[in-house]
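I'm opening my notebook on a new structure today. I'll jot down what I look up as I go.

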Amino acid sequence: MNLFFRFFSLASFSAIFLARAHAQGGPPMITDDPGTPGNNNWEINLAWTDTRTPGSTEFGLPLLDANYGVGDRLQINYQASWNVLRDDESSASGYSDSQLALKWRFYDAGEHGLQLSMYPRVTFLNPDSASGRRDLADPNTTLLLPFEVQQDFDLLSVDVDFGHTFCSHAVDRGWTGGLCVGREVVKGFELDAEWHTTTDEKAGRSEQIVNFGSRYDFSKHATLLLAVGRDLSNTLGPKVSLLTYLGIQLRM
C-alpha cells in the first residue's frame with residue numbers, strides 16, 4: 001500500500017471519529033443508501049472513473065448516473081458510461097452496458113432514524129452495441145436485487161447494502177454487499193470509508209474492496225464527489241490496484 005493511500009486512510013478515519021455525524025452512501029461510494037432525490041427532483045452524477053489492473057486501465061469518460069424522484073420514497077435511475085480500455089498493446093472505446101433501476105424506501109423513521117430500501121436494477125447490453133465483444137461491457141443481461149439500510153449514531157452514520165445478482169449465465173450470478181461509515185466534518189463537507197465485497201454464487205471466490213471518499217457542497221445544487229480505493233484481494237479476476245472516482249453531483 002503506497003504512502004498516499006496510507007495517509008488518506010488515516011485522515012479519513014481520524015475525521016470520522018473526531019467530527020459530527022451524518023453522511024450517506026451512494027456516489028462516489030459503491031455502497032448505496034435508502035436516500036431519494038424527493039418528488040419531481042433530479043439528482044445527476046457526472047464522473048470520471050479509473051480502474052487499473054495489471055497491464056490494463058479502463059476509464060469511464062464520463063459516467064452518467066441520473067436519478068429522478070417520484071414522490072418522497074421512489075427513485076428512478078439510469079446509468080451508463082463511455083468506456084476507454086487501454087493495455088500495453090492496444091486501445092478500444094465504446095458504450096458500457098445500460099442500467100435501469102427503481103429504488104423504494106419502504107421504511108423511514110426520519111432523517112437520523114432507521115431507513116430501509118430495496119433497489120432492483122437491470123443491466124443490459126445496448127442494442128447493436130459491439131462493446132460486449134470488445135470487453136467494454138458485459139454481453140449478458142443481469143438482475144441485481146439489493147437492500148439498503150441506514151442508521152445515524154452519535155459517532156458516525158452507517159450504511160449497509162446486500163443483495164444477489166441473477167443471470168442465466170452462472171458466471172455472472174453471485175452476492176454483493178458493503179459497509180460504509182462516515183461523518184460530516186463541517187457543514188457541507190463529509191468523509192466516508194467503506195468495505196465492499198462481491199462473491200460468486202457459492203461464495204467461494206470473491207473480490208474485497210476498500211474505498212475512501214469525500215463530498216464537498218459547492219452550493220445548494222452542486223457537490224464535488226471524490227473516492228479512491230483498491231482491492232484487498234480478488235479471486236474473481238485481475239486484482240484492481242487503483243480505483244478512482246472524480247465527479248460532480250447536480251441537483252435540480
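**Entry 1: the loop with Pro238**

I started with Pro238, which sits in the loop between β13 (222–234) and β14 (242–251). A reminder to myself: this is a predicted model. Is Pro238 buried or exposed? I get a relative accessible area of 56% for Pro238, and exposed means over 50%, so Pro238 counts as exposed. Then I looked for what Pro238 touches. Leaving aside neighbours within four places in sequence, Pro238 is in contact with Thr53, Pro54 and Asp231. I also checked Pro238 against Gly55: these two are 183 residues apart along the chain, yet their C-alpha atoms are separated by 9.6 Å.

**Entry 2: stepping back**

Next I wanted the whole protein. The C-alpha trace spans about 50 × 45 × 40 Å along its principal axes. Why does the radius of gyration agree with a compact globule? With 252 residues, such a globule would have a value near 18 Å, and the protein has 18 Å, so the two agree.

I noted that 48% of the 252 residues count as buried. The protein exposes about 12900 Å², and carbon and sulfur atoms supply 62% of that. I looked at contacts between residues at least 6 apart in sequence: 56% of them join residues at least 24 apart. For charges I have 20 positive and 31 negative, and their mean positions are 2 Å apart.

I went to strand β2 (residues 56–70), where Asn67 lies. Asn67 has a relative accessible area of 2%; the limit for buried is under 20%, so Asn67 is buried. Which side chains does the side chain of Asn67 make polar contacts with? One is the side chain of Asp65, at 3.4 Å. Another is the side chain of Gln75, at 2.9 Å. Not counting residues up to four places away in sequence, Asn67 touches Pro37, Asn41, Trp42, Glu43, Asn45, Gln75, Ile76, Asn77 and Tyr119.

Ile76 was on that list, and I followed it up. Ile76 is in strand β3 (residues 74–87). At 42% relative accessibility, Ile76 counts as partly exposed. With residues up to four places away in sequence left out, Ile76 touches Ala66, Asn67, Tyr68, Val70, Ala101 and Leu102.

**Entry 3: Gln115**

Gln115 lies in strand β6 (residues 115–118). I get a relative accessible area of 9% for Gln115, which makes this residue buried. What does the side chain of Gln115 reach at 3.1 Å? It's the backbone oxygen of Gly110. Gly110 also turns up among the contacts of Gln115, together with Pro34, Arg105, Tyr107, Asp108, Glu148, Val149 and Gln150; neighbours within four places in sequence are set aside here.

Then I went looking for exceptions.

Which residues does a cis peptide bond with omega about 10° join? I found Pro27 and Pro28. Pro28 lies in the loop between α1 (3–18) and β1 (42–53). The peptide bond from Leu61 to Pro62 is cis as well, with omega near -5°. Pro62 has its place in strand β2, where I had already found Asn67.

On to phi. Asp128 isn't a glycine, but its phi is positive, about 65°. Asp128 sits in the loop between β7 (121–124) and β8 (142–152), and with a relative accessible area of 84% it is exposed. Ala203 isn't a glycine either, and has a positive phi of about 60°. Where is Ala203? I traced Ala203 to the loop between β11 (189–200) and β12 (206–217). At 52% relative accessibility, Ala203 counts as exposed.

Note on methods: Residues numbered from 1 in each chain as written. Predicted model: local features only at pLDDT ≥ 70, side-chain atom pairs only at ≥ 80, totals over all residues. Heavy atoms only, no water. Rg over C-alpha atoms; globule rule 2.2 N^0.38 Å. Buried < 20%, exposed > 50% of the residue type's maximum accessible area, 1.4 Å probe, protein only. Contact = heavy atoms within 4.5 Å. Areas by Shrake-Rupley, 256 points an atom, 1.4 Å probe, with all protein chains shown as cover. Lys, Arg positive; Asp, Glu negative; His and termini not counted. Charge placed at Lys NZ, Arg CZ, Asp CG, Glu CD. Helix = DSSP H or I, 4+ residues; strand = E, 2+ residues; numbered from the N terminus. Polar contact = N/O pair within 3.5 Å; in protein donor to acceptor, adjacent residues only side chain to side chain.
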